[in-house]
Structures are given as C-alpha cells and as structure tokens.
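Here is a short briefing on a predicted model. Keep the sequence and the 3D view open as you read.

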Number of protein chains: 2
Amino acid sequence: MSTILDVARLAGVSTATVSRVINMPESVRENTRNKVLQAMEKCSYKYNSLARGFVTKRSNTIGLIIPNINNPVFAESTMGVQEHADKKNTRVILGNSYYKYSQEENLVKVLRESQIDGLIITTTNLKGNVLKNLVDEKFPFVLLFSTVKGGPFSAVGIDNYKGGYLATEHLVNLGHKRIGMVAGNFSMTDRSYHRWHGYKGCLRDSGLTYSKELLVQTDYSLSGGEASIKKLLCLPSPPTAVFCSNDYIALGALKGARDMGLTLPADLSIVGFDDMQTASYMVPALTTVHQPAYEMGRRAAEVLFQLIESPGKPLQDMMETNLIVRESTTAIPHTSSHQSRINKNQ
Amino acid sequence: MSTILDVARLAGVSTATVSRVINMPESVRENTRNKVLQAMEKCSYKYNSLARGFVTKRSNTIGLIIPNINNPVFAESTMGVQEHADKKNTRVILGNSYYKYSQEENLVKVLRESQIDGLIITTTNLKGNVLKNLVDEKFPFVLLFSTVKGGPFSAVGIDNYKGGYLATEHLVNLGHKRIGMVAGNFSMTDRSYHRWHGYKGCLRDSGLTYSKELLVQTDYSLSGGEASIKKLLCLPSPPTAVFCSNDYIALGALKGARDMGLTLPADLSIVGFDDMQTASYMVPALTTVHQPAYEMGRRAAEVLFQLIESPGKPLQDMMETNLIVRESTTAIPHTSSHQSRINKNQ
DNA sequence: TTGTACGCGTTATCAA
DNA sequence: TTGATAACGCGTACAA
C-alpha cells in the first residue's frame, strides 16, 4: 500500500501538495498537479479515508439502528437514509436491535467507538439511559419512526395516535361494533402503544365500549400475527374487524383468518399500518395507514447532517399519515351468520 | 473527548498500561488495573477504535454490497452476515448497487478507501474489472448468491441451474406443456440466466420445445412481475404455467394474473424462486425453490473471516436447494376452457 | 509488571 | 503556489 509520502517522493513534491491535489485540486498549479496525478497512477495509490478521519475528527460514517431489517418498512427507510448519506459522501453502518434494549445499548456503544459522525435510531426505549447520555454529551442523533413531537430529541416520525384513530374510524364507519386489535408488544416500542391509544380514543368518541379481551399483544412477526388473530377469533364473541399495528402482522393475520375458514373481507375486516410495498399485493389487498417510510429515512438523514454541520436546537419533523382503503375491509353484513360460521370451522 | 493519555495521567501510570488494561487486562496487576479503571470512569473515557484501526491496520469493519435491501431475500442474507460479524466484533457497512455495475464499482472504491477488512458482494457483473482488481490485489472478498463453483473467487451460493430445472420439472410433472418464464434481466445478474438455462434444460429433457416468446425479461420489481405475466397471458397461445425467477416477481405475477380474471392455481400455475419468508403467506401460497438466504449470509461471513485471518486459496461453498411445493401450482386440467376464459377477460 | 518512544497516513499551520 | 512539520489516539517493540 503506497501512501501520499510515496507519491510525494515520486512526484518530487511535498506530502502537503499531494494532499492538496486530493482535496482542493484548484489550489495547485496545473503543472504540479499533473505530476502528482501521474505519480499516484504509477504507485496505484489508494486514498486512506480512515487516516483522514483520524486527523479531521470526521469519519464520514453514520450509524443506523433499526429493530429489524427483515421488516420491509425498515428496509425502505434504510434506503432513504442511504440515499441522502450517499449525497453527503458518507457511509452508513447498519445494526439491528431486534427490539431489544440491551442490544440497542451495545450497538450505540460500538458505533460511537467507531467514531461515527452521527446516529439515526429507531429506538425501543425512549426513556432509557442510551438516549439520555447522547443528549447530555450533545452527540448528534435523530430518532426515526419517532412518536415524540417535542423535547430534547431531534426526530422524524408520524402521529401514531392519529394513525390508530384513522384506522379504527374507518372500521366504525363501515358499521363495525366489535373491533379488535393485534398490537406489537407495548414493551418493545411505544409506536404500537400510541396506535392503541388512537384505537381506544376513536372507540370512545364513537360511543363504543373498549373491551380488554379484544386486545392481543404479540411480537412483530408473521407468525405472531397469525397466532394472535386466531386467539381473537376463538373468543366467545369474536370481533368482526381487527386493526393490526403493522402490515407485517396483518399479513400473518390474513393467513390466520383464512386458515380458520373465514372468507375475507366478508367475514372479517382487517386494517394494517405502514403501507409497505407489498400491501396492495396481498389478498385481499390490504387497507392500511400509510407511512412515508422512504421519505422519513431521507428526512432523518437530512436532519442529522444539519445537526452535524451546525449543532443547535433539536429539530422535529412530523410527517403526514393517511388511510389507504383497499379490499381487506368491508361493511358489516346486516344479516350475518358470522358467529356460527366461525364456530363451525373450529 | 479524553484519550488514554488523560487516563494515564489521572491514574499516574503510562499510556501503555492503560492500553494494556483495555486490550489484555490480565497482564496488569489488579491494583494498577483498578486505578486505571477508576480513572477511565472519572474522565468518562471513550475508546477510539478508529485510532486503533489506524495503527493495527484493521478497521474491524467489512463491506456488504447487495443489489437492493428492499428484496426480503437480501434482507435475510444481510442478517446472516451481521450475526457472524457481530460475533467477530466487526461492523458492517451496507451498500445497494441497485443492479447497476457503475454503482457497484463506486461502492467498492469508497469502501476500500474506508479501509474495510474485507468485502461480501452480490455482484452484478462477474466479468468486470471490479472483481478482477480485487483478486489481483489479493483483497479478501466473498461472492454471495454466487453462481460460480470454481475459479479465483471465494463464493457462497447455490446451483441456480438446478433450481431452475427443479422448478420446471415440477410443472412438467403436473402435465404442463406450455411453460413460460418471467426472468430478471440477464444483463443485471447471471443468476437469472442460469435459472433460465435450467428451465431450458428441463424442457429439452422432457421433450418439450422451447419457445422464445414464452420468455419475458424484466427488472426485479413487483410491477415488473405484474406487467410481464400480462404480456405472457396476452399471447395468442398463453402458457398454463410460469416459472418466475424470484418470489418478488412471482408476487407481482400472482396479482397480474388475478387482475386478468384468472383463478389461481386452476387457470395458471406459478413457481417462484428464493422461498422468502412471506412466500407461504401469499395467496395462493407460493410453490418455490428454496434458497437458504440467512444461512448463506452467515456462511459468507465465515468464509470472509477465514480469508482475512489466514489468506489462502479461494473457498467455495455451494449450498443445497430444494423445491417447496405449496398451493400455487396444480395439475393441468384435462377438459379446460382455459384459453377462452383468458380471452373473455381481456 | 510497567514505562519510553516511535510509527501509522493524513491534514493543518505556518513559513517561505 | 509550495514545503516543512506538528498533531491526531493508539499499539507495540524494547527497555527497565
């Protein structure tokens, strides 16, 4: 591996000049510049940006911590982050927390040791020491898929309460009275918790009573959605509609319901959350609350670089959500043998 | 930011001792060690692994280049890579090539400048200079989702020819005679090309004639699959079964076929490739060729570290593929009004 | 068991 | 416009 010193010697100039050719070519006379360029060619010189980072105290690398790259929504937001990072000539190190706080804690530590310039994190625990320390030390970071609209954190997210409300309202408008919810574990993320509050809020506003038995918490997995919907459907008085706290869970729920012999959406309406790319490819095409994942990732990166380049007050950006009605929801049938049909199929 | 020098001063020892406490705690007397540990605490010392990498010439970082993190199969393999990298205390920088060679070329350059210790790459172009240079310079790298079984590259992959053969054979066994294929653009990856050869090979071995019009190439997208299947179904003599070169495309195809009014699988059998997690959640559940994506990622990382730690001959590992039969394929109906049904729905 | 001193590849400061 | 050189934070011979 040749260094700028080798190049300098070969070109008969100083290392400073070589460095200038690399970083501000205009500032060196064309003649000298060409000599250097040729020398670089000759020793097949490769730039060492780690050494640079060492002196400039900028690694041109950021960290991105998400719960699970397996969830297409996080894949999309990741692409948004990457796209903007690319523009800024910055690498992104990816880590999965798997919804575990300890993992998140460790990742932050490791990433900071790697001297990342900033961090984008979809956190599992808003109140833990991880974020607190980051704030105390004025380390640049942005919450992604955030639920907070104020306070000491920079954040990009949506109004999850509103999303939950929208989803439930849609079902209420279709005439449903018994509306269940399959939620991601509240201990894993507060997004699910806020969506549940939106769900409850709408129920209240609509004069429907909230029933505890109609809530099932699960991990964020396909099989979790599948198992949870079955639980709900086996209730003595099962719901006619279910709000799932993300599309991934909803996909599992769709299958679970089918497995129990239900015809969708006639026997059961399902609403998801996220509007991941495959939502319109599901059967029935999923009615869901849209979340601009890619755009949110891009925006989070924008905010982060703003923070890095000129530290200051925390920046928050809450983006728009809206309901996308597709085929997985329908009006409740008036003369329904719904109940008996379910029991028959057990 | 405090450094080991600050810690050393505070503890009244030398920097070497602090370094020892960090890297080989056993080698320093308990008494001194504790003094150092306390000092570290007091200045809230943070380890700088960039500085370490600078002297050890190891960044403890590897690069991972995939076509597109949006495709769940690549998300899974990425998790496999991360899991092993974690064990090796190594960070992974992720980059998407978007199936573009120029992007791939640039990513490799940028990553190498970042002094990554090694690279895992799902390449778009086996014959380009990118890989050639890597080999020439003896830089540790592993091809992932590779089609090569020999030569100068370390690689982890499966037999794509066999996979294509298996998929087609299944359709032949079900009695299908007109079998189409929706393939990812051959210019984007040779995986698709090999699968197509498997398809052709099986057709030949089964005494069926290969018809050029039954092959459609597309980009790797849901909408690509959707549009392509429609092209095939609009043929004067449409296929009764179609092999899609991945599940993502197959998901699009499923929708395209439904949109044209077909009943699946009765009117059309579809086989995918990959067996991504949601394959069994599709409607109908997708028959597909299984590829152990997570395991392949893990294995690629294993191979890479072996290469890094003790350079030597290239290592290849071809993993097992097999067909998973689900519900999207069925025997061709003997008395079928298939043709007319399609035309009716146009 | 601990300390001294050098080197890693680059940028930045200052002087020429 | 160019050059000389200190500095960045750490690991590691080598010495004590």
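Two salt bridges are counted between chain A and chain B of this predicted model. One of them pairs Lys46(B) with Glu137(A), with the closest N and O atoms 3.1 Å apart. Polar contacts across the interface of chain A and chain B come to 16 residue pairs.

**The interface between chain A and chain B**

- On the side of chain A that touches chain B, α4 (49-56), α5 (72-87), β2 (91-96), α6, α10 (222-233) and α11 (247-259) each supply at least two residues.
- That side of chain A has 21 nonpolar, 17 polar and 10 charged residues.
- Chain A brings 48 residues to the contact, and chain B brings 48 residues.
- Together the two chains bury about 4100 Å², with 60% of it on carbon and sulfur atoms.
- Within chain A, the most area is lost to chain B by Leu50(A), Met79(A) and Tyr281(A). Together they account for 18% of what that side buries.

- Ser114(A) sits in the loop that runs between α6 (101-113) and β3 (118-121) of chain A.
- Is Ser114(A) buried or exposed? Its relative accessibility is 11%, so it counts as buried.
- Beyond its neighbours within four places in sequence, Ser114(A) is in contact with Ser59(A) in its own chain and with Ser49(B), Leu50(B) and Arg91(B).
- The side chains of Ser114(A) and Arg91(B) make a polar contact of 2.9 Å.
- Ser114(A) and Leu37(A) are 77 residues apart along the chain, and 31 Å separate their C-alpha atoms.

**Salt bridges**

- Over all chains, the count is 38 salt bridges.
- Asp117(A) and Arg58(A) form one of these salt bridges, with the closest N and O atoms 3.3 Å apart.
- This pair links distant parts of the chain, 59 residues apart. Asp117(A) is in the loop between α6 and β3 of chain A, while Arg58(A) is in the loop between α4 and β1 (61-66).
- Asp117(A) is buried, at a relative accessible area of 8%, whereas Arg58(A) is partly exposed, at 30%.
- In chain B, Lys132(B) and Asp136(B) meet in a salt bridge of 3.2 Å, N to O.
- Why are Lys132(B) and Asp136(B) separated by about one helical turn? They are four residues apart in helix α7 (residues 129-136) of chain B.
- Lys132(B) is partly exposed, with a relative accessible area of 45%.
- The side chains of Lys255(B) and Glu226(B) also meet in a salt bridge, at 3.4 Å, N to O.
- Lys255(B) lies in helix α11 and Glu226(B) in helix α10 (residues 222-233) of chain B, so this pair ties together parts 29 residues apart in sequence.
- Lys255(B) counts as buried at 18% relative accessibility, and Glu226(B) is buried at 13%.
- In chain A, salt bridges that share partners join Glu295(A), Arg298(A), Arg299(A), Glu302(A) and Asp317(A) into one network.

- Chain A is divided into domain 1 (4-47), domain 2 (58-158 + 293-320) and domain 3 (160-291 + 324-344).
- The centres of domain 1 and domain 2 of chain A, taken over C-alpha atoms, are 37 Å apart.
- His176(A) is in the loop between α8 (160-173) and β6 (179-184) of chain A.
- His176(A) counts as buried, at 3% relative accessibility.
- Which side chains make polar contacts with His176(A)? They include Thr240(A), at 2.6 Å, and Ser269(A), at 3.3 Å.

**Backbone exceptions**

- Most residues other than glycine have a negative phi, and most peptide bonds are trans.
- A cis peptide bond joins Leu264(B) to Pro265(B), with omega about 0°. Pro265(B) is in the loop between α11 (247-259) and β9 (269-274) of chain B.
- Another cis peptide bond joins Val283(B) to Pro284(B), with omega about -10°. Pro284(B) is in the loop between β9 and β10 (287-290) of chain B.
- Lys138(A) is not a glycine, yet has a positive phi of about 55°. Its place is the loop between α7 (129-136) and β4 (141-146) of chain A, and it counts as exposed at 72% relative accessibility.
- Tyr98(B) has a positive phi near 50°. Tyr98(B) lies in the loop between β2 (91-96) and α6 (101-113) of chain B, and counts as partly exposed at 33% relative accessibility.

How values were computed. Residues are numbered from 1 along each chain as its sequence is written. Chains are lettered from A and ligands numbered from 1 in the order in which they are written. This is a predicted model: local features need pLDDT of at least 70, side-chain atom pairs count only at pLDDT 80 or more; totals for chains, interfaces and linings use all residues. Side-chain values use heavy atoms; hydrogens and water are left out. Buried means under 20% relative accessible area, exposed over 50%, partly exposed in between (1.4 Å probe, protein chains only). Contact means heavy atoms within 4.5 Å. A polar contact is a pair of N or O atoms within 3.5 Å; within protein, one must be able to donate a hydrogen and the other to accept it, and residues adjacent in sequence count only if both atoms are side-chain atoms. Buried area is the accessible area (1.4 Å probe) that two parts lose on being put together, summed over both. A salt bridge is a side-chain nitrogen of Lys or Arg within 4 Å of a carboxyl oxygen of Asp or Glu. Ala, Val, Leu, Ile, Met, Phe, Trp, Tyr, Cys and Pro count as nonpolar, Asp, Glu, Lys and Arg as charged, and the others, Gly among them, as polar. Domain bounds come from an automatic or database domain assignment.
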